[in-house]
Amino acid sequence: MDMVPFAMDASELDKLEETLVSGIRDFMKTCGFTKAHLGLSGGLDSALVAYLAVQAAGPENITCINMPSRFSSQGSKDDSAELAANLGCRYEVLPIEEPYVALLSTLKGLFKDLPFDTTEENLQSRIRGILLMAFSNKFDSMLLNSGNKSEVAMGYCTLYGDTCGALGPIGDIFKTQVYALSRRTNERSLAKTGKKIIPQAIIDKPPSAELRPDQKDEDSLPPYDVLDAILDLYIHKQLPRDEIVKNGRDGALVDGIISTVQRMDFKRFQMPPVIKVSPLPLAASLLG
């Protein structure tokens, strides 16, 4: 199957979904899990993983956990609840404000008057990782990671936070493919039931980690269509830098992306395995 980010027709997207669903189901069985869960943020990545998980294990065996912070938008909370209702799976809300305040208080003397930065952002992600792993231990449930290949490549993830999980179902597909697969999912659902399963607001909203006020992914990353095209040439096609630039890409941008991909190896070594659907997965691939 050709996994070029911008060239997947409906039948290829359906095949991709089938592969991911089978991969989740088989890995859960191999590891002895009948139940799975994930953090449902109100973003598209976790929405797609929740949908795939329900197809793999049934809604009665999937729990979606929303963990809002002071920076979470009302829209993200509402969209998460709507998606879980559409899927028919268990939905829990665990606010993280209290543990966040406790950690900030503990670190206050050490940090003194240093400004808010990625340290405070990452604390939120790590609190969520602790809660998700606690649920895993207490209820013998497999934690599914929601990171996509674009984020994995660029290290746009928090170690011991949103990198937690036993399996990364979408860790070998780019963000643009996440969009395409989500739209195809809704297209099929609309034709079958007259209703979209993934709320349109989740697809339409600008991607954001919501770890600081008004945060957007594009504050830290190039637009995903631009990023994924370069990542495809560099990772899948294995073109050298100069060839990618000759392909019409900005030289400084290509240099920055390649440098970041190379520097983020240390994160990928510590991430969960992914379901292999491309010629060259970045994270460890135990499936495919």
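The following legends describe views of a predicted model.

**Figure 1. Overall dimensions of the predicted chain.** The chain contains twelve helices and six strands. Its C-alpha trace spans about 50 × 50 × 35 Å along the principal axes. A compact globule of 288 residues would have a radius of gyration near 19 Å, and the chain agrees with this expectation because its own value is 19 Å. Buried residues account for 51% of the 288 residues. Of the contacts with a separation of 6 or more, 75% join residues 24 or more positions apart. The chain exposes about 13,200 Å², of which carbon and sulfur atoms supply 55%.

Figure 2. Helix α5 comprises the 22 residues 118-139. At 1.5 Å a residue the helix should span 32 Å, and its end C-alpha atoms are 32 Å apart, so the two values agree. After α5 comes D140, which has a positive phi, near 50°.

**Figure 3. The buried residues of helix α5.** Among the buried residues of α5 are L123, I127, L132 and F135, and also E120, E121 and R128. The buried residues of this helix pack against the strands β1 (36-39), β2 (62-66), β3 (90-93) and β4 (142-143), as well as helix α4 (97-111).

Figure 4. S46 belongs to helix α2, which covers residues 44-57. With a relative accessible area of 4%, S46 lies under the 20% cut-off and is therefore buried. Leaving aside residues up to four places away in sequence, S46 touches L38, G39, L40, S41 and S146.

How values were computed: Residues numbered from 1 in each chain as written. Predicted model: local features only at pLDDT ≥ 70, side-chain atom pairs only at ≥ 80, totals over all residues. Heavy atoms only, no water. Helix = DSSP H or I, 4+ residues; strand = E, 2+ residues; numbered from the N terminus. Expected span 1.5 Å × (residues − 1). Buried < 20%, exposed > 50% of the residue type's maximum accessible area, 1.4 Å probe, protein only. Contact = heavy atoms within 4.5 Å. Rg over C-alpha atoms; globule rule 2.2 N^0.38 Å. Areas by Shrake-Rupley, 256 points an atom, 1.4 Å probe, with all protein chains shown as cover.
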